[in-house]
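Please open the model in a viewer and follow the stops below in order. Each stop says what to select and what is there.

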Amino acid sequence: MFKFAHLSDCHLGYQKQESLKKIELQVFESAVNECIKRKVNFILIPGDLFHINIPEMRVQKFAFEQFRRLYESNIPVYVVYGSHDFSPVSNSVIDLLTVAGYLIKVSKQKNVSTDKVVLEFVQDPKTKAKIFGLPGLSAGKELEYYQKLDRKSLEKEEGFKIFLFHAGIDELKTKAIAESDFMPISLLPKGFDYYAGGHVHNYSLQEYKDYKKIAYPGTLFAGYHSDLEDNAKGTKRGFILVEFDIKVKKVEFIPIENVKYELIEYDANGKKSTTINHELLSEIKQFDPTDKIIIIKTGGEMISGKTTEINFTKISEELKEKGAIEVLINYRSLSSKEYSITPASGKNKEEIEINVFKENIGQIKIKNKKFQGLTGVKLAKSLLHELRQSELVNENKIEYQNRIKQNAFKIIGIEIENDS
Amino acid sequence: MMSNLDIVGQIVAGEFGSILVREKGGKKLELGDLLVSRESNASLILQVFDLVYGSQIPRETHELMSGINLEKMPVNAEIFEPELRNYVLAKVRALAHVAQSTKSTKVSLPKVLPSFFNEIQLVEKEDLKFLEKSDDSFYVGKIRSGSKIIDVDVWLSSVDVFSHHLLIPATTGRGKSNLVKTILWHLLPTKRVGALVLDAHDEYYGRHGLGLKDHKEANERLVYYTPSNPPAGANVLTINLQILKPEHFRGIVTLSEAQEQAMRTYSGEFRGDWISAIIQERPTKNVKDVAPITLAILKRIFRLTLGLDLDEDGNVISFNQVFDAGTKGQTVADDIVKDIEDGKIVILDTSRLVDEAELIVGNVIASRIFDRYQEYKVRGQLDRKPVVTIVVEEAPRVIGEDVLKNQNSNIYSTIAKEGRKFKIGLTAITQLTSVIPRTILANMNTKIILGNEMVQERQAIIASASQDLSKDDRNIASLDKGEAIISSIFVPFAIPIKIPLFEDLVKNQDESKKNIKTKVF
Amino acid sequence: MTKAMNKHGDVKSNLMSYDPIKLLIEDLVTRIEQQGTGKTIFSNDDAERFDIIPENFQEIKISKDNRKIAFVDGGSGLLLKAPNYSIQINRIYFSMFEGNKRLTPKKTRTRIEFFSYVFSSIKNIAIKKKIFFNVNVWAVNEKDKQLLPNPNDLSFDSTDRRITDGTQRPDLARVASIARRFAEWKMSTEVVKNELEEGDILVIDGSLQEAFQNETKYTRELHELAESKGVIICGLSKTSRLYTDSGASLLGSVKQISNQVKFDRWFIKIGTQKKDDRGMILVTKLHPKSEFVFRLEILRSQLEKMTYGKLNGILSALATNSSDLAMIGYPYGLIDADTYSRVKFNELSFYGDIILSYLSKESNWKQVLGHTMALRGHEDLNLAVG
């Protein structure tokens, strides 16, 4: 009997807060420990191992450490790019790890032909499992791979076969995960023994006619803010352990503990800003925040006051003083009747944007005529355009941010000093 | 200048609505031929609707002549100048008055007779220049004059036609599938119309052979759902039972009041699990509410219509693999609605479903779209949304007189009556127009009429057409496969067309995009 | 008168033997039998006549000889009538064929129309006052003026026996028909002049005989031209009131005798009625399946010079044109000419209304129309009694 671990969507490097960065890496290390302890024959990671293709050095160093441990434990790790950590020019840290021999990319194409994508497998030397895979790309562009995939050649292969893929499957959607850039199951090659999926952040194991065992382990900790909310609601995180010989014998979810949570969901609909402040402050006194991640989610339309009048900073500080690991506040759905965006229509995106600005410019209470009327609309359009600019090649993040900031302020008409 | 070669006849008598044209010898006018009478600064487009013999020789003499011929009598005699004395009279009617000026062409209904004794020509491409393509048009075919094809393309405004309902009346073997495929083929690239196609014979996608899947934009614009063995790129059609509600059965399955009440009771108590609860015969809190016999009948109804039953372990299973009591297919309806709202064409392969199941599935999705579009209208967002059309075959199943009389109205009849306000229309395909109520037929503002040999059906079609087709009975009866007449409030006159072969459309497609290399990273 | 019962119980009387129809028929049959067929055409003077016997019938052999045949016919319609005037519309038409193929004329207009108006006048003739009927003509198309007879030739003594109806003055329509007849001659002359060559034929509907004062002027012009060009002039009549010397109908007699003749198509020379008649009368059957025989006249001066072959050629050409199934045995050209020269009934009211509308603009229209009353009594009586 053989075993393999199926991890996915680790999104190493996603977290911004120091406390969370630490947990992120701790969780990954626990997963690695578990794999070594259970003496798995190999590990599968179908994408989004990292949150971006070149994360910060800290994350890279960590990754090298952990994969070296696995390498030294004789546990190969088979990967494909995900939608976050891919690079069209092999400029991802995945590639560094692959060159170092710590990772094995299984997305191997036989020859670049016009019509078909013909894949080669990577065979695990110990178990003889044949592993195929296709990477994820941003914005669902991997769909083209599947549309051109030569499924027949894959389906003809004998032996124990695993398919690694980084995409959502339409037929496996639930109300909880109902995203639109998924793909139909019919695009996967039929008859594989195990389909190791990535991209979907919640655990799922399904069977379909011609497709046994389509599995998503889910994220190990969090790759989106909503993952942390799910964690707070009790969603278990971990990886999948599969036992097999000529067929899959057992599929088990192995939970990896991360941290405790407290979730506050507050409905601000019809309330004044003062009321909200008061109620939130009293709400946070109802529990012990020590060693927990506190998630405050608030939404609704305030009857008076601005969203900026809610003293989230104070709430956050109070909780941290009491020992909370981190306080995350989500007030994206919070709006104020005093200041709300009126939607507008138009024939195209450009027109819609202009109309929205026109509809709402009256709400800006600034005396400067530059921000009023059609002049203001024009300025807003220019600003939006500038903020949309993407990073240049050979421009690092800091340089990019500074450039954008400078240009943006220039548009508004404010001189700033050129600092970091 | 008209050369003698161009002239096919001359106006000799008649009245408005039935003008007599003497056919020039050898010109062989056909039923349905489009002719043109050139007036000063205008032309009148005419169409032949009947042909009769005319002669300067009495009939008895003809009979005698025929007798001599048939009986091979040794009479050395003939008809002198036969083309002068025996001829064909074509009964024609005016279809359109086309006034030409240097700036524009104005087309209107004819209100005058063509000039008496005017010489007549067959219509040419230049005469029909006013039928022009607009941005959001879809192609239906070329103009047909009798059995001849004129190289003038006929385009219909997709937004107008589909929001005002489309009826395709046709008997079997007249090219209905070909027509629908042709229409959908041209709708594919546009985002201004989304379509839900209930494909009862699995003939549109092209699972075996050519179909919509062969369109170069099919990957982006076409979505195909099928219950089993989906070809690559197609989705599995699975509808989660949680989505079905009692109202989805209304107007489709005949239910007694007790049965409807039982459904509502179970739905109220078991929520999304109500169908499973009925099949598993789970007792309600108030046992007296539902009689065992009612429950048994409902079980039977679910078995017959939805293909649901219990397995050995008491779990609800689906014979047709379409309905799921577990977790599958929870989002299918929403996904389909979203695709339609993106202006895509969604084909549901309902060939494995019984009629009721097919219509219930359609009901679920159509109701959802209808509700959403009603909301968009309230929010003032409707103009940003594409027009939606629901393509239903054998439309009398849902909008037939019997159905509407005996059962409650259903979403299809609601759409037929009110959908226009919300940019939702029906594309109804039927062999039996006569059983659809006139109130609904009157709302179907475009009819693409294919051949129909049944008198009653032709009369029903003619009675509800947007143009006066009272003289076209014979014309419609003699329509060959692939020939049609478009009667619509969006065209200046009833246009005879020849629909292209779908296979030719596919073959003539521009394939230049195909040869792009794909590298896997 | 005595009455008696027959065995059926019917009342029998002397009067029952009187069956007028039976008597009539018996008498008719007897007379016809007695008449027989006769030997020759009836003639009062020393005219040239030929026996009507089977031996004199000659076969028409169809030859492939191509020659043009022009057919001329005229028609009239009465528009308004009174004892002292009448107005007509007249048409003269011609067509040309070669066998069954219609030919397009080179120059001559195929149809002319003209109004003719007959009016009465009083003339002093040798101290006596006489009523004269005069015809005036107006071409519908001014271009056709030259083809109309000279009105000076159209003044007739109302007592001229050539036009009277017994001792009664002639119907003015009859007088008007003379103008039409003269116009037919003029048209014929024009056709011969512009369209026909030697060996071609001109067939006029009716007889070649001149019947009216001044008619010779028109016929002479035609005959001289035809002779000079070698164009054969014929007249073909659908009906005939000629008699044989036994009083029997000429055509009926010829037909009867022809039963003994084995030819499918034939002709027989008959002769002339009067010594100086222009046209030699023949009777001909132009198609094997035809029930009809026709009186055909050929200009005597031309016929006398013809061999059988030449004569056969003419009749063969006519026969070839006579195989239209609509009326087998009658030349298609004459059917055609009749069609296009005829004034149809519905046209009369059209033209008549125009005449009346013009008339109504005249201040003395009542006076003009008043004269028509003299001839309307009969019609009104018909309307009154139904």
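**Stop 1: the domains of chain B**

Select chain B and colour it by its domain assignment, which gives domain 1 (7-130), domain 2 (148-238 + 329-505) and domain 3 (242-318). Keep in mind throughout that this is a predicted model.

Now show domain 2 of chain B and domain 3 of chain B. Their C-alpha centres are 32 Å apart.

**Stop 2: chain B against chain A**

Bring chain A into view. There are 2 pairs of chains in contact, and of these chains A and B share the most contacts. Here 27 residues of chain B are in contact with 28 residues of chain A. To find the secondary structure involved on chain B, select β13 (235-236) and α9 (332-341), the elements that give two or more residues to the side of chain B that touches chain A. The largest share of that side comes from α9(B), with 3 residues. By class, the side of chain B that touches chain A is made up of 8 nonpolar, 11 polar and 8 charged residues.

**Stop 3: chain B against chain C**

Hide chain A and show chain C. At this interface, 10 residues of chain B are in contact with 10 residues of chain C. The residues on the side of chain B that touches chain C comprise 6 nonpolar, 2 polar and 2 charged.

What separates chain A from chain C? The two chains do not touch, and a distance drawn between their nearest C-alpha atoms reads 67 Å.

**Stop 4: the domains of chain C**

Stay on chain C and select domain 1 (59-341) and domain 2 (345-385), as given by the domain assignment. The centres of these two domains of chain C, taken over C-alpha atoms, are separated by 31 Å. Their contact takes 10 residues from domain 1 of chain C and 9 residues from domain 2 of chain C.

On the side of domain 1 of chain C that touches domain 2 of chain C, select β4 (69-82) and β5 (85-98) of chain C, the elements that give two or more residues to that side. β4(C) provides the largest share, 5 residues. By class, this side of domain 1 of chain C has 7 nonpolar, 2 polar and 1 charged residues.

**Stop 5: a helix pair in chain C**

Finally, select helix α2 (residues 172-194) and helix α3 (residues 215-229) of chain C. Their axes come within 9 Å and cross at roughly 15°. Angles under 35 degrees count as roughly parallel, and α2(C) and α3(C) are therefore roughly parallel to each other. The crossing of α2(C) past α3(C) is left-handed.

Show side chains along the contact. From α2(C), Phe182(C), Trp185(C), Lys186(C), Ser188(C), Thr189(C), Val192(C) and Lys193(C) take part. Facing them from α3(C) are Glu215(C), Tyr218(C), Thr219(C), Glu221(C), Leu222(C), Leu225(C), Ala226(C) and Lys229(C). By class, the contact of α2(C) with α3(C) has 7 nonpolar, 3 polar and 5 charged residues.

Technical notes:
Residues numbered from 1 in each chain as written. Chains lettered and ligands numbered in written order. Predicted model: local features only at pLDDT ≥ 70, side-chain atom pairs only at ≥ 80, totals over all residues. Contact = placed C-beta atoms within 7 Å. Helix = DSSP H or I, 4+ residues; strand = E, 2+ residues; numbered from the N terminus. Nonpolar A, V, L, I, M, F, W, Y, C, P; charged D, E, K, R; others polar. Domains from an automatic or database assignment. Axes fitted to C-alpha atoms, helices over the stretch in contact; angles between N-to-C directions. Parallel < 35°, antiparallel > 145°, perpendicular 65-115°, else oblique. Left-handed = near helix turned anticlockwise from the far one by under 90°.
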